[in-house]
Number of protein chains: 2
Amino acid sequence: MPEFKSVRGMRDLLVEETKQLNFIIEKARETAKSYAYGEVTTPIVESNELLCAKTSDEIRNRMFTFKDLGDRTVSLRPEFTASIARLVSNVLKKSPRPIRVLSVGSVYRYDEPQRGRYREFWQSNFELIGSNKPEADAELILLTNNFLNKIGLKNHFFKVGHMGILKGVLNQEGIIEKTQTKILQLMDKKEYAKAFDLIDDNSRSVLESLVKITGKNVFDTIEKIKNQLDGYEKAKNAADNLKNILELVAESDSQLKSIDPVFSRGLEYYTGLIFEVQIPEFDISLGGGGRYDQLIELFGGLSTPAVGVAHGIDRLNIALQIQGIHADDQNIKKVFVIPVTTDLRIRALEISEKLRNSGIFVEFEVMGRKVGKALQYANKINMDYVVLVGESELKTGSVALRDLAKHEQITIKIENLAKKIRE
Amino acid sequence: MPEFKSVRGMRDLLVEETKQLNFIIEKARETAKSYAYGEVTTPIVESNELLCAKTSDEIRNRMFTFKDLGDRTVSLRPEFTASIARLVSNVLKKSPRPIRVLSVGSVYRYDEPQRGRYREFWQSNFELIGSNKPEADAELILLTNNFLNKIGLKNHFFKVGHMGILKGVLNQEGIIEKTQTKILQLMDKKEYAKAFDLIDDNSRSVLESLVKITGKNVFDTIEKIKNQLDGYEKAKNAADNLKNILELVAESDSQLKSIDPVFSRGLEYYTGLIFEVQIPEFDISLGGGGRYDQLIELFGGLSTPAVGVAHGIDRLNIALQIQGIHADDQNIKKVFVIPVTTDLRIRALEISEKLRNSGIFVEFEVMGRKVGKALQYANKINMDYVVLVGESELKTGSVALRDLAKHEQITIKIENLAKKIRE
């Protein structure tokens, strides 16, 4: 029989990695609780039609798509927003607005595997649906900041932009949507020359001037952007909207390091604010989001403004590793229980169950090893204590308790055992 | 645009359902901690070859199988054990024995949807690998019992059997494995007549007598089983092994209500103990497992004894609902923050962030509603408090705090707000 391997691009997370993954997910849930987001669970398998309705070709072409046994064309979700839009336009149609939801789980994209890029990866995804106000946009940035603080990340900063700036210019210049998408993608990749080839001189000069803008802080940058947008009313309004959002964030948060007027993001559905978060030591986005006011409508719902953010949990994990930060290990005492002879197994198991019910981590000797070998093993796997259940001690309702760090052994009444270990 | 629906057999779990799901998963993790199981995460997408290597046709024919973009035939995992066997025979090959692992997540089977049966469902899966001793078998029953106690389930009981009893008889009668599998499946469905048609009179009389056995308790039943197995040495040894396991469990646990000598389970890989757990009010297994001593070897590893159990989290959820048990709602105070005028949004957001950092659940008014409308909404969504951030109170560093249950409103210094709310 051949040795089986995991499928290319799919990973096994062993104990320590799973602990980190769960730690980050738990912090996302804590964040959701403090910002009033309710967690929902949508399926990993969705109709291909839903997932393709409004995404970029880039993602569409990298989905895991197949026919189920009922001949339905389905895909593994490459992100959460389409599923949430489906929920909001169906079962949550009549819920009072705003709707705040968290989704956590794995998503699937057929990417070339590399560090921070996997075919199965985890996201926490927050969406705030029903408000078109800047305080809604600000909330998504604030909660992202709060979440990253909770997991212990340091020096993270936000890159911020607004789809309405470039789109406002391109719309006014009469450039069709398909070309706009291409231009935005090229500019996001900083392939400006190629992008400018697609437009005439007039638009070109505006975009060129936007690309060159730098400012000493975000508000200075926004003023400079606005100065370049004379005559482009909608683009200017977009810049004002961005300013309003950032004013709401700036007081509570000082990590708005960069604003990029020509920044856009992979997904086609953004209509307003867009943002990403990073750390200086790792040149890859740890999370990002923005406003998508037309998406719910596209999924058959009423016209509904919405803003959302997705955090890359695997990437956050890498970021924590880079910064040398580990999930707090709960200081739970680890005990190894050994029956001295085979016929004492029942008594030893009873004692183990009692300890477990007192919240103690108990590994029971199930290999039938003699005491010496079992002790060696307990040392090897870094147990704190060994409980030896032997006949002579049991006669007085006691067991032997060995402290492996201190190399001390005492005889102790069974009823005092849990208390002593937890001390 | 049509209204999008979820794919048939796939469910959306809304906020309350997700809370229950997470509650049960958290208890599985607590159980893992007290029994020294480390959690690992394996991919949902595995090679079809791995998943088909040792499962029943019943499961094989109901897998979601497809080709990925790299032309690999892959499937969505229908259970966890194949992935764990892969881990143990590869990356964990050299880990000290025993290996104790927990897996939690969704699995996929193309079943006809009905109550307690979904195409995407959740399991917690515990495996203890490397020990052939009865205390290992006993541990899986004990931890299942402990887990169900932790989630608050009442009156659950175990149905217990041993593959070695029937297999011992059938092997000795020279019946080939393929026919054995068929016989076991038929007997499990209580289609005894059809099963007996496949064997000669000699085996038939033994099996008939086993089917009829009832006892006043498990040990009485085992004695009666042994009395029918004269001359079938291996089958008798299996009954003795079952007796040893149950002796280890019986002292700690009184919920071993039934033992069934002809009980078998859907998966073909079991070799020894098999068990399922149920409640009286719901005629469907909530979890089950057993010993599978030849499986790791089949996956290319060394011959390794192993025992495991999978719990159906969705079914446990239904069982809790039937018994009227709900996840403890953490008694977290819910606060709704309203800026009285638009220009006070920044100050109101700052106050919200402070409250959140004190562990309070804060929903911020993002709809731009006037105070009256916003208060109505806060009442509707069952907030505990409303914080009104208004200009006159801010002048003295204060805000208005309204207790929605008591219909009382006080003016309070911002620095005392969190303490007051948490009282």
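User: Where in chain B does P98(B) lie?

Analyst: In this predicted model, P98(B) lies in the loop of chain B that runs between helix 4 (81–89) and strand 5 (99–108). The peptide bond that leads from R97(B) to P98(B) is cis.

User: What makes the bond between R97(A) and P98(A) a cis peptide bond?

Analyst: Its omega is about 0°, and P98(A) is placed in the loop between helix 4 (81–89) and strand 5 (99–108) of chain A. Most peptide bonds are trans.

User: Why does A36(A) count as buried?

Analyst: The relative accessibility of A36(A) is 11%, and buried means under 20%, so A36(A) falls in the buried class. A36(A), which sits in the loop between helix 1 (15–34) and strand 1 (38–39) of chain A, also has a positive phi of about 70° although it is not a glycine.

User: Why is N155(B) called partly exposed?

Analyst: N155(B) has 45% relative accessibility, and partly exposed covers values between the 20% limit for buried and the 50% limit for exposed, so N155(B) counts as partly exposed. This residue, in the loop between helix 5 (134–151) and strand 7 (157–162) of chain B, has a positive phi near 60°.

User: What rotation and shift superpose chain B on chain A?

Analyst: A rotation of 180° with 0.0 Å of shift along its axis does so, with an RMSD of 0.1 Å. That is the relation of a two-fold axis, and F66(B) is the residue of chain B that comes closest to the rotation axis, its C-alpha being at 3.0 Å.

User: How do you know that the copies meet through the same surface?

Analyst: Of the interface residues of chain B, 100% are also interface residues in chain A, so the copies meet through the same surface.

Key:
Residues are numbered from 1 along each chain as its sequence is written. Chains are lettered from A and ligands numbered from 1 in the order in which they are written. This is a predicted model: local features need pLDDT of at least 70, side-chain atom pairs count only at pLDDT 80 or more; totals for chains, interfaces and linings use all residues. Side-chain values use heavy atoms; hydrogens and water are left out. Copies are superposed by least squares on the C-alpha atoms of residues with pLDDT of at least 70 in both. Contact means heavy atoms within 4.5 Å. Helices (H or I, at least four residues) and strands (E, at least two) are DSSP runs, numbered from the N terminus. Buried means under 20% relative accessible area, exposed over 50%, partly exposed in between (1.4 Å probe, protein chains only).
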